[in-house]
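Hi there,

I am passing a structure on to you, with some notes on what I found in it. Have a look at it first, then read on below.

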2 protein chains.
Amino acid sequence: MPASPFPPDATLADVGEFPLIDALQEVFEQGEHVLIGPGDDAAVLRIRTGHVVVSTDLMVEQRHFRREWADAADVGVRAAAQNLSDINAMGGTATSLTIGLAVPADLPAQWVLDFARGFAEECAKVGASVVGGDLTRSDTLVVAVTVLGACTVAPVVRSGAAPGDLVAIAGRQGWAAGGLAVLGRGFRSPRVLVEAYRRPEPPYAEGVVAAEAGATAMIDVSDGLIADALHVAEASEVSIDIRRDAFEVPEPLHAVGAALGADPMQFILGGGDDHPLLACFARKKDVPKGWTVIGEVSEPGEEGPRVTVDGFDYEGPTGWTHF
Amino acid sequence: MPASPFPPDATLADVGEFPLIDALQEVFEQGEHVLIGPGDDAAVLRIRTGHVVVSTDLMVEQRHFRREWADAADVGVRAAAQNLSDINAMGGTATSLTIGLAVPADLPAQWVLDFARGFAEECAKVGASVVGGDLTRSDTLVVAVTVLGACTVAPVVRSGAAPGDLVAIAGRQGWAAGGLAVLGRGFRSPRVLVEAYRRPEPPYAEGVVAAEAGATAMIDVSDGLIADALHVAEASEVSIDIRRDAFEVPEPLHAVGAALGADPMQFILGGGDDHPLLACFARKKDVPKGWTVIGEVSEPGEEGPRVTVDGFDYEGPTGWTHF
């Protein structure tokens, strides 16, 4: 890790906006598609595909992350991952991101640099560049990321699922929720779950794979499996049934369930933050290797689209409530 | 103005995230370049120019706006304007925007709808569409906007100014700062200045005009005239001298200066928020009609690039300090 240009205890107020922005620009390498990078009124990017895929996400301290639960680089990784995952969920590849940071004046400048390094590290996994941003003071620490990307095949939307489709998932699910539950009780283990929360591992290669395989609908699981399946069901005007026995509960989730007196399936069915992909496929042979079929699409009932588990309404927490 | 779908006193906590997002989507009309609009994991936009110009800005309540000084629609207009202006400053045309809103749970849902309507109204001036966003809870109200655009000629950067260039401005300058000074003292007049602060009128047509006229460097004045001229000077490694007598001080600024015991030129030289364009041109005949020459570019001094006023260092406030 490169040396910091600032004293270790220097705050943003000590350092000032522009010196910190200069230091941040050193962190972010620019891809060859970046015609004009950070530092001007706007960045300019070469677009070869005739279209751009764009998404925005906010992370608010205490709500989406806690500095005591994850170090700055981890928060950077998570902020990048959840945005890169949105492009993945369209069947695309992320190319460029902007970061807006609204930060308390007493935040260590080093925190921002470490955040940026974690962010850049995650972006490097898919070859994306941080091309611009904004930095300002705020009593609440807010991270606002916008990601741009491209698709080589038609983007996969949420609204294309049809009765008879199979529902499949790629990537781990429930691990981050297990880690979060552990952290929320003041524990730091099982380490593998805590790390899953701190550094999600979205299946970045699988979005394109699913799109090429003819996925009829796709979403990344960020709010919760049931909640996000419901987004697909509502957009597609279908119902979805998920089978518990499709999931192999990993050992550490059993351990957390036992320790907290909880059904480990609740992390899988209700948890977000792992950013696996949930996609629908018309035929079993379309489901790509490495994906697990977890349910089926049917006509919506009389009360409209819904998501059931083993044929019944799910009574557990279904995911993230924003308000 | 359309009727609100929510009771007038309903807060965001009462209404919930998704119903409010549904209502917001009604506000934003989509241009024909929007292949997939809001509501999926990402939006998809048609790009005909082979490139995209992108910029991000944050606005934090109490720091960049106050709800008692501007109503929600005005804040929406300002948020849109300052972002559209960044594309203008590259010589481009904005096409698409995303909005991230981190808002207190007790904020009236109507405030968010009115904000969105003001934002959409400003975007309509240049034909741009709001294609996506995010909404979450935060103790501090933060607005994070990303704007995408295109250039029909080569983008104009900050770094192209050369000794001998003329410095010119398009659009009003100092009006918003005068309005802000008035509001800061608890007054509401001169009305024209207060309105200039609440609803800036960036010269959206002039960015392209300047680019086509061969502007060597360009920036929009958002931090302050001297501060932003210094951004150009530093990026171009030149010095800039600005002439006071190039400015005609408008009558309402004289009035505010007299009332507050301030030199009205300080609003012009130090003020931001009006978003005029500052550009450099190699020859007098390149300066487009409607632009005013206000200074000249010279070799940097021994101490490097600087901005002077009538040949001397300017002692007044030079612009916005972010930390």
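In this predicted model, helix H2 (residues 17–27) of chain A and helix H4 (residues 109–124) of chain A pack at an angle of about 25°, and their axes are 10 Å apart. An angle under 35 degrees counts as roughly parallel, so H2(A) and H4(A) are roughly parallel to each other. Their crossing is right-handed.

Which residues make the contact between H2(A) and H4(A)? From H2(A) come Leu20(A), Ala23(A), Leu24(A) and Val27(A). H4(A) brings Ala109(A), Val112(A), Leu113(A), Ala116(A), Arg117(A) and Ala120(A). Sorted by type, the residues of this contact are 9 nonpolar, no polar and 1 charged.

Now please turn to chain B. Here helix H2 (residues 17–27) and helix H4 (residues 109–124) pack at about 25°, with 10 Å between their axes. H2(B) and H4(B) are therefore roughly parallel to each other, and H2(B) passes H4(B) in a right-handed crossing.

To find this contact on your screen, look in H2(B) for Leu20(B), Ala23(B), Leu24(B) and Val27(B). They meet Ala109(B), Val112(B), Leu113(B), Ala116(B), Arg117(B) and Ala120(B) in H4(B). How many nonpolar, polar and charged residues does the contact of H2(B) with H4(B) hold? There are 9 nonpolar residues, no polar ones and 1 charged.

Enjoy exploring, and write back with any questions!

Best wishes

How values were computed:
Residues are numbered from 1 along each chain as its sequence is written. Chains are lettered from A and ligands numbered from 1 in the order in which they are written. This is a predicted model: local features need pLDDT of at least 70, side-chain atom pairs count only at pLDDT 80 or more; totals for chains, interfaces and linings use all residues. Side-chain values use heavy atoms; hydrogens and water are left out. Axes are lines fitted to C-alpha atoms, for helices over the stretch in contact, and angles run from 0 to 180 degrees between N-to-C directions. Helices (H or I, at least four residues) and strands (E, at least two) are DSSP runs, numbered from the N terminus. Angles under 35 degrees count as roughly parallel, over 145 as roughly antiparallel, 65 to 115 as roughly perpendicular and the rest as oblique. A crossing is left-handed if the near helix is turned anticlockwise from the far one by less than a right angle, and right-handed if clockwise. Contact means heavy atoms within 4.5 Å. Ala, Val, Leu, Ile, Met, Phe, Trp, Tyr, Cys and Pro count as nonpolar, Asp, Glu, Lys and Arg as charged, and the others, Gly among them, as polar.
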